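User: Hi! I am new to reading protein structures. Could you walk me through a strand and a core, one feature at a time?

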Amino acid sequence: MRLGLIVNPVAGLGGRVGLKGTDGPEVVRRARRLGAVPEAPGRAQRALNALSPLRDQLLVLTYPGEMGEKMAQACGFRVELVGRLRGEESTAEDTQDAAQELLRRGVDLLLFCGGDGTARDIYAAVGTELVVVGIPAGVKMHSAVFAPTPERAGEVARRYLEGEIRAVVEAEVMDIDEKAFRRGEVHARLFGYLKAPRVRGGLQGAKVATPPSERYVQQAIAARVVEDMKPGVLYLIGPGTTTKAVLEALGLTGTLLGVDAIQDGKLQGADLSEGEILSFLNEGPAKAVVSPIGGQGHILGRGNQQLSPRVIRAAGGKRALVVLATPEKLATLRGRPLMVDTGDPALDEELSGYIAVITGYRERVIYRVTH
Amino acid sequence: MKGKLRRFHQARWDEPIIFQLSRPGERGLLVPEVEEGIRGEVGDVLSRIPPELRREDPPALPEMAQPRVYQHYLRLSQENLGRDLNVDVGQGTCTMKYNPPVNERFVSSPKLADLHPLQDEDTVQGILEIMHKLDLLLREISGMDRFTFQPGGGSHAIYTMACMVRAYFAEREEAERRDEIITTLFSHPSDAAAPRVKGYKVIMIYPDEEGFPDIEALKEAVSERTAALFITNPEDTGLFNPRVREFTEIVHQAGGLCCYDQANANGILGITRAKEAGFDMCFFNLHKTFASPHGCGGPGAGALGVTAELVPFLPVPLISCDEKTKRYFLDWDVPNTIGKVKDFYGVIPAVVRAYAWIMTLGAEGLREVAKVAVLNNNYLMREILRRVRGVRAPFHLERHRLEQVRYSWEELARDTGISTTDIQRRVADFGAHYWTSHEPWVVPEPMTLEPTESYSKEELDEYIAILEHIAREAYEDPETVKSAPHRSTVGKMADHSYFDDPRKWAMTWRAYLRKYTGYFQPRETGEGG
């Protein structure tokens, strides 16, 4: 069996010294000056220890030194190096190089160690071509691809390699704008999806399993939305796999991460900006089809800022919102309400209260919304 | 000493499927040849059966001698768990109580067992009388005005209620408009599923911060499209919704009906009634609350009761009594009936056992059942929360529960990586049973325990000791828990993805052969299979 391993040795470096992230070489230098000590290598080693039962059957393909070689050797694995660093300090480009090379050489699973930034780099390099598991070591970890602890990451990897887990899911890759975050503003964005082993309860741990498969439930939800569509109404389809299923049900190709517009079963525009959406809205009635993101529960203001206050107001406010979520997704909120953060407090107030969330072909939930 | 751990090992027979035991030509009973005289008189009897009724191929049944069949099933029974053998408090929501074996004497008596469901009414007055009298008893217990015993279980009763809701609004010419059913997240999943099968849309009410169904969400949910409310109370959390009367009022004001899933009424028997809570219908699972065995998923009985206004919609026939002649009869005179929902009378042995159980206990006894069940549950909860590491009872930490509790091992899972399904397998090593929760798992790493009234303090202590021991193992020796079971007849499933793929399901031997021959061969191919 072949295991790909990529460790971002500087992941998490900024966290302990209050830098809220470690994106970019300047921040790494600043963090080091502030006395930060790398923790990612130790965390990667903890995950690898959980894989030790497979020591004899496993070949670890990785990058030199602290990017993987050192920890894999320390755990007694056979190691094959697939490249070398561009400079002295490991960077985002090195992560991407390594991931691309692993994809080219072929591995059964890619285990990586880092935070949201690392997940984005992996996603940029391999998309959904490889099955991955994230060892949590970053400051920001909004992405669903991380296991809750290094040990759990190793265990999930082992179970997947041994064939105990076969099903995979598409797990969200999220990140926030670090500069804004340092100013105290949170703007999380959905960057895409990585393929991860499907674990009962979710990779992140305390989540909920959906009986048949999340995909099937998404299709059921989409069937309901399509059946309820009215002629002449413009439907703005927000980002996410649940809303994407609506496009698929109509046989349309839109964008996974953008806002697409459809009318009478036809795609009117893809990946629209706020301005483009507003120009469409002058022409008649509209609905915005949205889905909460990750475990945070935002239906507006995270990853779909194109659906701005002006857009929502022009479409008709709360009545124009069509909210979709699988029961599994709702359960990840652990009873917390859905959130709106449009940037317009008056609109947020209007949208608060209760809203119907479509959770199946013949099922909806009346759920709390707050801001 | 509190709660002694048992040195247990389950019998393990490595017993094949009965079809694999089949040997061609082997017989359990040799039917004698027809005697010459008779043959001369009637000729070849088989040729008189019309061709369209004749099988061309013999049925694909196992061919076996009697002793081997007997041995086979006795072995399987030793590989089983249940109330008669173990502390069966781990199957929360199912009300696994003591089913007095004396009641089996009534149901296996030839007086009942030899009856035919098509016998003339005059020759089955006894059983009709029992059904009528159980109807009267359940009316008293629930406050409803009439019961039917046709539904064969809880979900069937919920489906029957949905049929009656549809019929009720069809009669008022509102059936098309009223196409929505409201239920709650911690009601039984069938309260959503069965109406959906009937074509209803379902609106789900989630719990508020305290764990009760969110009444403000209910107010948002009702409309002129509301057909009915389908809920349990107490819910699966063991919390009794004290505002249930307001719930039924809100739904009634919107013109909807209120249907009460009382499959499990063990915590409220003789204490609260469906009528006073404002419900129009309710049902009891006789195989839960009223001490009839579950029979591994059947045969059971969902005794369904309704208020006078809804009697005209009940399934036919009802059992009525002619006041003058005191004669019982099958009453087909139900003007707006939804028709029959089950063949013949329903599952009569469950009716007889429930009747016997109620008559043994009397009104005071029934109330005591509820009180002891609630006491047992609260003792169990207090001791578990005190003594067992890593477990919590989400929602309302300070409150008592009714008959059951849905616990969460989230903390233990986070600390140790041991999940509730690991614990489930490990519990089997101590000769006990354990259940998690319905899907989806809203409570993370769930465990649902329901001790009922029929366990002693010693037995509850034993179960607590098992959990205490396993939780300690999870922290100190997690491998033992992960690799469990070690002393049971069941095994650890390596790949759960089979559950997701209907192409891999094999509910029958025939399906197994069709789907798996050539994939992995059965141990031994039965020629008769």
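Analyst: Happy to! Keep in mind that this is a predicted model. Let's begin with a strand. In a regular strand, side chains alternate between the two faces of the sheet. Here, in strand β11 (residues 446-449) of chain B, B:P446 and B:T448 point one way, while B:M447 and B:L449 point the other way.

User: Are those four residues of β11 in chain B buried or exposed?

Analyst: B:P446, B:M447, B:T448 and B:L449 are all buried.

User: How many bridges join strand β10 of chain B to β11(B)?

Analyst: Four bridges join β10 (residues 405-408) to β11(B), and the two strands run antiparallel. In one of the pairings, B:V405 has B:L449 as its bridge partner.

User: What does the secondary structure of chain B come to?

Analyst: Chain B has 16 helices and eleven strands. Its radius of gyration is 26 Å, close to the 24 Å from the globule rule for 529 residues, so chain B is as compact as a globular protein of that length. Buried residues make up 45% of this chain.

User: And how do I read a core?

Analyst: The general idea is that in soluble globular proteins, nonpolar side chains tend to be buried together. In this model, the largest nonpolar core has 140 residues, and those with the most contacts inside it are A:L236, B:C259 and B:V351. Helix α11 (residues 348-387) of chain B gives this core its largest share, 14 residues.

User: Which residues does B:V351 touch?

Analyst: Leaving out residues up to four places away in sequence, its contacts include B:I130, B:F149 and B:L286. There is also a second, separate core of 66 residues, with A:A31 and A:V107 among them.

Definitions and conventions: Residues are numbered from 1 along each chain as its sequence is written. Chains are lettered from A and ligands numbered from 1 in the order in which they are written. This is a predicted model: local features need pLDDT of at least 70, side-chain atom pairs count only at pLDDT 80 or more; totals for chains, interfaces and linings use all residues. A residue is buried if 20 or more other C-beta atoms lie within 10 Å of its own, exposed if 12 or fewer, and partly exposed in between; C-beta atoms are placed from the backbone. Two strands pair if DSSP finds at least two bridges between them. The radius of gyration is taken over C-alpha atoms; the globule rule is 2.2 Å times the number of residues to the power 0.38. A nonpolar core is a set of buried Ala, Val, Leu, Ile, Met, Phe, Trp, Tyr and Cys residues joined through C-beta atoms within 7 Å. Two residues are in contact if their C-beta atoms, placed from the backbone, lie within 7 Å.
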